[in-house]
Amino acid sequence: MKITVLTLFPEMFTALNHSIVARAQAEKQIELETINFRDFSANRHGRVDDAPYGGGAGMLLTPQPIFDAVASLPEAKRRIIALTPTGRRFDQRLAEEWSEETELVFLCGHYEGFDQRIHDELVTDEVSLGDFVLTGGELAAMTMIDATVRLLPDVLGKSASHEEDSFSTGLLEYPHYTRPANFRGLMVPDVLLSGNHARIETWRRQQSLKRTFERRPDLLEHVVLSASDRQYLQS
Ligand code: ADE
C-alpha cells in the first residue's frame with residue numbers, strides 16, 4: 001500500500017518510524033511519503049493560508065498549493081482523505097475498508113480548515129478522529145494510518161490475530177490475564193485456569209457483553225445477539 005501525506009509538518013510523521021508501522025515500511029508492506037504542500041505555494045513567501053470571505057475568526061488553507069501538490073502525484077486509483085472535525089467519524093470498519101486499497105492520500109488541515117473547493121474537487125473522504133477539535137490533522141492522520149496498517153496481511157505476526165479485536169466483533173473485548181495466577185493475592189478468574197474451552201468461550205462472550213453494556217451501550221444496537229446473549233444481558 002502506498003500512503004502519501006500532504007502536511008505542513010512532515011517531521012511529525014517520524015512517529016511512524018517506530019514499532020509495527022516502521023517494520024511494515026522496512027518490509028515494504030507500505031510505502032509512506034510525506035509532502036510539505038508549502039513547497040507548492042506560488043506565493044513568494046510560501047503562504048498557504050488566507051482570511052475567510054464573509055469574515056469570521058481564523059485563517060483557511062488556500063486552494064492553490066493543495067491543488068498543485070495533488071496534481072504532482074502520479075495518477076492512480078486512490079482515496080483522498082481530508083482530516084476534519086466535520087467529517088464522518090473514523091472507526092474500525094473504515095480502517096478495514098481502507099486496508100483493502102492500494103493507495104491512500106491524507107490531507108492534513110490547519111487553522112480553521114480548507115477552502116471548500118478543496119473538498120468539492122479533490123477529496124473523496126472527509127473524516128474526523130472524534131468529537132473534539134485538534135490543532136491540526138496530523139495526529140488524526142497518524143492514528144488512522146496506524147489503525148489501517150495493522151490490518152494489512154502479514155503486518156501483525158501470525159500469533160497476533162486482529163480477528164478478535166474490540167470492534168471487529170462489534171463488541172468491546174473481554175478482560176485478559178497472564179501469569180502468575182496469583183499476583184499478591186489478586187487471582188485470575190478460575191474459569192480461565194479450568195482448561196474447559198467451551199466454558200472459557202462462554203465466559204469471554206459474557207464479559208464482552210457486560211463491558212459493552214456498561215461502557216458503550218450504543219454499540220449493542222449494531223450487534224447480532226444470540227438467544228443466550230439476550231438471556232445473559234437480561235439476567
Ligand atoms: N483536525 C482538527 N480536529 C480534527 C479531528 N477531530 N479529526 C480530524 N482532523 C481534525
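A residue is called buried if 20 or more other C-beta atoms lie within 10 Å of its own, exposed if 12 or fewer do, and partly exposed in between, with C-beta atoms placed from the backbone. The model here is predicted, so to speak of local features takes a pLDDT of at least 70, and side-chain atom pairs count only at pLDDT 80 or more, while totals for chains, interfaces and linings use all residues. Numbering starts from 1 along each chain as its sequence is written.

Let's start with Ser19, which sits in helix 1 (residues 19–26); helices here are DSSP runs of H or I with at least four residues, strands are runs of E with at least two, and both are numbered from the N terminus. Ser19 counts as exposed because it has 11 C-beta neighbours inside 10 Å.

Five of them make an open, parallel sheet in the order 2-1-6-5-7, where pairing takes at least two DSSP bridges between two strands. At the edges are strand 2 (31–36) and strand 7 (125–128), each pairing on one side only. Within the sheet, strand 5 and strand 6 (residues 103–108) run parallel over five bridges, and Arg79 stands opposite Leu104 in strand 6.

Then there's the ligand. The residues around it include Leu83, Thr84, Pro85 and Phe132; to be listed, a residue needs its C-beta atom, placed from the backbone, within 6 Å of the molecule. Strand 5 (residues 79–89) gives the largest share of this shell, three residues.
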